[in-house]
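Dear colleague,

I am passing on a structure that will be new to you, and below it you will find a short account of what was found.

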Amino acid sequence: MAQGSDSNDTSYKSPSPGSRPSSSDDAKKVMRREKNRIAAQKSRMRQTQKADSLHLESENLEKENAALRKEVKQLTEEVKYLSSVLSSHEPMCAGLTPQTPDLLYPPHHSSYHHQHITVPHYQH
């Protein structure tokens with residue numbers, strides 16, 4: 001191979017047209033490369049921090065989602081239980097149905113009907 005054609009040789013610099021570059025041009029190139037290297041390093045660091053931040057946010061959202069699903073499950077179970085209590089209680093209150101059809105579940109006036117209903121306390 002001819003000398004200077006090795007692509008791995010980092011010491012080779014192509015001459016500028018006309019004359020050899022001055023030392024001030026070399027210093028400018030070195031400074032520009034250093035600034036570019038620092039800017040690229042900062043950019044990679046920002047990307048890493050953003051990815052880490054998104055990962056943490058994703059984990060927090062997953063936890064919140066799981067907690068909300070658990071709460072929905074508990075509330076669904078509570079609705080089923082209260083519906084069954086209401087269904088079993090309705091026949092006992094058949095004589096107390098109101099004359100107005102716009103009320104679906106009328107308030108009870110007797111304390112007797114409330115004595116046999118026990119509602120468990122759910123933790124949320």
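The accessible surface of the protein comes to about 11500 Å², and carbon and sulfur atoms account for 56% of that area. Please keep in mind while reading that this is a predicted model, so that every value here is computed from it. Of the 124 residues in the protein, 4% are buried.

As for secondary structure, the protein has 1 helix and 0 strands. Helix 1, which runs over residues 23-89, is made up of 67 residues and spans 98 Å from its first C-alpha to its last, a distance close to the 99 Å expected at 1.5 Å a residue. Within helix 1, the buried residues are Glu78, Val85 and His89.

The structure also holds 1 salt bridge, in which the side chains of Arg37 and Glu34 meet at 2.5 Å, taken from N to O. Side chains of opposite charge can pair when their charged atoms come close. Arg37 and Glu34 lie 3 residues apart in helix 1, and they are therefore separated by about one helical turn.

Notes. Residues numbered from 1 in each chain as written. Predicted model: local features only at pLDDT ≥ 70, side-chain atom pairs only at ≥ 80, totals over all residues. Heavy atoms only, no water. Helix = DSSP H or I, 4+ residues; strand = E, 2+ residues; numbered from the N terminus. Buried < 20%, exposed > 50% of the residue type's maximum accessible area, 1.4 Å probe, protein only. Areas by Shrake-Rupley, 256 points an atom, 1.4 Å probe, with all protein chains shown as cover. Salt bridge = Lys/Arg side-chain N within 4 Å of Asp/Glu carboxyl O. Expected span 1.5 Å × (residues − 1).
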